[in-house]
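Please look through the sequence and the model below before reading on. This report then takes up a few of the features that can be computed from the atoms.

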Amino acid sequence: TGDRFTCSQECLAFLAQLDDWQPAEKLFDCFPDAERTGLAEQLAHLVECNALVAEGTPQATLDEHYRQEWQWGTVAGFYHFGVRDTPFVDGPATREFLQKRRQWRPSPPLHQSNKDALKIVPLPKTDLRQEPFALMRRRRSQRRFLPQSMSLETLSDCLFAGNGILEFFDDEDFGHLPITMTPSGGARNPFELYVYARNVDGLAPGFYHYAALEHDLGLVRAGEVRVQDMLGGQDWPAQAAAIVFLVAHFPRSMWKYPLGAAYRVVLMEAGFIGQNIALAATHHGLSAIPSGAFKESLIESCLGTPAIETGVLLSLSLGVPEPEQDSHAA
């Protein structure tokens, strides 16, 4: 839930005993010398901040669902659920924060040389005129979009480059495995792509699911949503023609890899898919801006995806960039 609270060591020791359901009267027995009214108020406060879970409540149902479905342990769970719905700053507040941070601690170097290496081996120069390097060189994170639509063909290519299924591979133990244009740990293909189409030719505004095998879009929710509310209060995506959300389906990877380290592999795969989408967008003259600043609960309510079995891990805002602007790679 992301709730935080401060408590005494005595309270922490008390909470540590409550892995299983306990009758209410037994809770009072843990503090025989305490005044009951005051203790009841403190217990109610612990329930309010979700440190204690009351049986039969929606939170208890969610807690049990988590116990059954989340197989990657406490550490990965703390990270994944602890960063959900993070509050972000944007605009002038961001620069003010960085100015203060720079005074406190200078930025570390953003690249490293081999000047102290035992031996330096010069490498042949890469020909940036040749593909795929020419395309990769053109990719830029241009955050100012023109209020123009994008074609359905362009969106189609971006989605297929990111997650379209090319073929299948049959393995005796692991089954019928999809092959896409990005590497996937164990070919588990944990990601589904969803699109918020704001200004796409031939598409009514709304949220769509991309079916990677059939290569089609299914409408999951019609209508418009304020983009800034979904993407961490940021203003720059407001004119994006479409936003692609990468939603991980954790049970696919958990089935083969039950250890928490597999969560890291899923995060890596988001980067592979995002880069393919960005390159396809560049090929069509668009800019694709990846962002990890978003309000997961709002997006999930629009997509209809469950918060424990799945997770929104990356967004890419697609649009026609303004010409002749300063930009940077990211």
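## About the model

This is a predicted model, in which local features need pLDDT of at least 70 and side-chain atom pairs count only at pLDDT 80 or more, while totals for chains, interfaces and linings use all residues. Residues are numbered from 1 along each chain as its sequence is written, and side-chain values use heavy atoms, with hydrogens and water left out.

## Salt bridges

The structure holds 7 salt bridges, each being a side-chain nitrogen of Lys or Arg within 4 Å of a carboxyl oxygen of Asp or Glu. One of them joins Glu 300 to Arg 84, at 2.7 Å from N to O. Glu 300 belongs to helix 12 (residues 296-303) and Arg 84 to the loop between helix 5 and helix 6 (92-104), so this pair ties together parts that are 216 residues apart in sequence; helices here are DSSP runs of H or I with at least four residues, and strands are runs of E with at least two, numbered from the N terminus.

Glu 300 counts as buried, at 7% relative accessibility, whereas Arg 36 is partly exposed at 46% (buried means under 20% relative accessible area, exposed over 50%, and partly exposed in between, with a 1.4 Å probe and protein chains only). Arg 36 forms a salt bridge with Glu 25, their closest N and O atoms being 3.3 Å apart.

## Lining of the largest pocket

Among the helices, helix 4 gives the most to the lining of the largest pocket, with 7 residues.
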